[in-house]
Amino acid sequence: MLSRTMFRCGQMYSRVFAVEVDLLTEPLYFTLSAKPHILHHDYQRFFGEGKLFSLYVDSDNRIQKAQTHAEIKTKLSKLERDCVVLETCSYIPDVKNSVVKGFCIRDKSTPGISEEILKTFRQNESVCVFSYKLDGQYCWQELWSHVNQTEKAERQYITPASTPLYHPSTLGIRSSDVFYSKEEAYMVLQECSDILPESKAVLQLVDEQGESSGSDGFPVIVIEGLDATGKTTLTEALRESLNATLLKSPPQCLAPFRQCFDSEPPVIRRAFYALGNYITAAQMGKESLKAPVIVDRYWHSTAAYAIATAVSGRVENLPRPDSELYQWPEDLLRPNLVLMLNVNPEERMRRLKDRGQDKTIEENELEVNQLFRLKVEEAYKRIQNPSCISVDASPSPQEVLQQVLRLIRNKCQL
Ligand SMILES: Nc1ncnc2c1ncn2[C@@H]1O[C@H](COP(=O)(O)OP(=O)(O)OP(=O)(O)O)[C@@H](O)[C@H]1O
Ligand SMILES: Nc1ccn([C@@H]2O[C@H](COP(=O)(O)O)[C@@H](O)[C@H]2O)c(=O)n1
């Protein structure tokens with residue numbers, strides 16, 4: 001978890017390393033020092049079990065870094081038999097965007113099966129692999145990749161660090177998982193246009209839509225909620241009842257590219273959805289001059305899913321409710337009303353089963369991972385300006401529609 005870049009910058013001793021040992025507990029935090037440090041029992045146990053390696057990608061090119069990280073993740077997911085792969089990160093306390101994500105592998109197999117995979121990363125200069133040795137009460141880390149016979153790996157001693165005020169995964173969200181301006185998201189797709197030709201086509205569609213004009217016309221109402229909470233059913237009914245225009249984010253013109261971007265690493269995937277909101281915003285501006293506009297998903301979906309995925313572990317690890325990360329982007333058209341449909345998990349599962357369509361990886365996550373669902377729901381509630389109003393979507397479609405029509409008439413004078 002320590003790179004040549006970090007060596008050059010003299011940053012290695014100011015970094016804190018966090019290993020997500022178990023999703024329900026605090027990560028294990030440590031720093032590195034030149035001098036040996038006596039470790040207490042928890043740390044000795046962690047570093048002493050089986051062979052331990054850590055690795056991460058060291059590159060100034062964020063696209064290459066994200067793609068290599070994703071490739072490593074895929075390869076490591078194939079490790080079975082006596083191998084455990086844990087998520088790690090390192091960061092400089094209180095320094096935003098200092099987070100570097102990586103992995104830690106504990107291998108109890110003989111002969112060590114993980115080493116075969118780790119050796120394949122040796123060809124890639126940007127992948128740094130470290131190994132750990134426990135000697136009595138001391139433990140040190142040394143570079144494992146790119147060390148030849150004559151070179152002697154330098155040791156850095158493991159030194160416990162205290163728990164930070166904010167969970168480290170919250171430090172790297174801005175401009176990597178959530179984009180707070182069109183320009184930030186646009187730049188990501190520009191940076192990957194050589195390796196991902198679909199980016200050029202998406203950018204062209206963004207350019208063609210132009211800027212969204214502020215809407216002084218009819219109200220714009222966004223319907224949000226997890227999958228299968230009834231958004232499609234309700235938005236179509238609202239279109240009929242209010243004689244409204246129905247829009248979606250991502251917009252229809254991005255549908256041919258969605259599958260491609262869904263299989264890209266988070267930074268690229270999130271930039272795609274962020275740009276989708278700007279295209280929809282431009283359509284909202286135009287359409288709201290003619291009729292009320294109903295929108296199926298918008299910024300709340302983009303930010304809530306992204307934050308919940310980026311933050312590991314428990315709901316308590318989410319950015320605090322007053323965090324700037326929940327603020328609406330200044331340059332994105334604000335709707336007049338955002339309603340969030342809520343149904344209990346059992347009813348949602350029943351609706352999902354009845355529908356039986358293909359699901360995205362994230363939708364599958366929602367089903368299997370209760371922690372993830374709780375984080376998405378909580379992040380939705382924390383987003384500000386505008387925040388969303390919760391609607392109980394468990395009654396019949398007709399009752400939900402009537403409830404929502406009352407709310408719209410109340411709040412938007414329609
Ligand atoms: N109020 C309701 N009561 C019972 N079933 C409902 C209700 N609303 C929708 N459904 C059913 O639940 C399933 C999911 O509904 P729908 O497709 O509208 O959800 P969605 O939120 O748009 O999902 P997604 O985001 O995954 O597209 C459908 O089979 C639909 O007929
Ligand atoms: N404005 C949006 C809309 C969607 N997403 C992402 O898509 C997934 C859910 O969309 P469905 O159309 O399949 O319901 C979800 O994983 C979101 O991450 C988004 O980011 N922004």
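Visitor: What makes R106 a buried residue without a salt bridge?

Guide: Buried means under 20% relative accessible area, while exposed means over 50% and partly exposed lies in between (1.4 Å probe, protein chains only). A salt bridge is a side-chain nitrogen of Lys or Arg within 4 Å of a carboxyl oxygen of Asp or Glu. For R106, which counts as buried, the nearest side chain of opposite charge is E49, 4.6 Å away, and no salt bridge is found. As for charge, Lys and Arg count as positive and Asp and Glu as negative, with His and the chain ends not counted.

Visitor: Where do these values come from?

Guide: This is a predicted model, in which local features need pLDDT of at least 70 and side-chain atom pairs count only at pLDDT 80 or more, whereas totals for chains, interfaces and linings use all residues. Residues are numbered from 1 along each chain as its sequence is written, chains are lettered from A and ligands numbered from 1 in the order in which they are written, and side-chain values use heavy atoms, with hydrogens and water left out.

Visitor: What does the side chain of R106 reach?

Guide: The side chain of R106 reaches the backbone oxygen of E49 at 2.8 Å. R106 itself lies in strand β5, residues 100–107. Strands (E, at least two residues) and helices (H or I, at least four) are DSSP runs, numbered from the N terminus.

Visitor: Why is strand β3 called largely enclosed?

Guide: Six of the seven residues of β3 (residues 51–57) are buried, so the rest of the structure largely encloses this strand.

Visitor: How do you know which strands pair with β3?

Guide: Two strands pair if DSSP finds at least two bridges between them. β3 and β5 have six bridges, in the antiparallel sense, and S54 has C104 as its bridge partner in β5. With strand β6 (residues 127–135), β3 has five bridges, also antiparallel; there L55 is partnered by V129.

Visitor: What makes E115 and K51 a salt bridge?

Guide: Their side chains meet at 2.7 Å, N to O, and the cut-off is 4 Å. E115 sits in helix α4 (residues 113–120) and K51 in strand β3, so to speak distant parts of the chain, 64 residues apart. E115 is buried because its relative accessible area is 17%, while K51, at 41%, is partly exposed.

Visitor: How many salt bridges are there by this rule?

Guide: The count comes to 19 salt bridges. One of them joins E26 and R314, whose closest N and O atoms are 3.7 Å apart. E26 lies in the loop between β1 (16–19) and β2 (28–33) and R314 in the loop between α10 and β12 (337–342), so this pair ties together parts that are 288 residues apart in sequence. E26 has 36% relative accessibility and so counts as partly exposed; R314, at 25%, is partly exposed as well.

Visitor: Why are D227 and R348 called buried?

Guide: D227 has a relative accessible area of 2%, so it is buried, and R348 is buried because its value is 3%. Their side chains meet in a salt bridge of 3.2 Å, N to O.

Visitor: What makes N97 stand out in its phi?

Guide: N97 has a positive phi of about 60° although it is not a glycine. Most residues other than glycine have a negative phi. N97 is found in the loop between β4 (83–91) and β5.

Visitor: Which peptide bonds are cis?

Guide: Among them are the bond joining S249 and P250, with omega about 0°, and the bond joining N385 and P386, with omega about 5°. Most peptide bonds are trans.

Visitor: Which residues come nearest to ligand 1?

Guide: Of the 16 residues around ligand 1, the nearest are A228, K231, T232, T233 and P395. Here, near means that a heavy atom of the residue lies within 4 Å. A polar side-chain atom of R351 lies 3.2 Å from a nitrogen atom of ligand 1.

Key
Polar contact = N/O pair within 3.5 Å; in protein donor to acceptor, adjacent residues only side chain to side chain.
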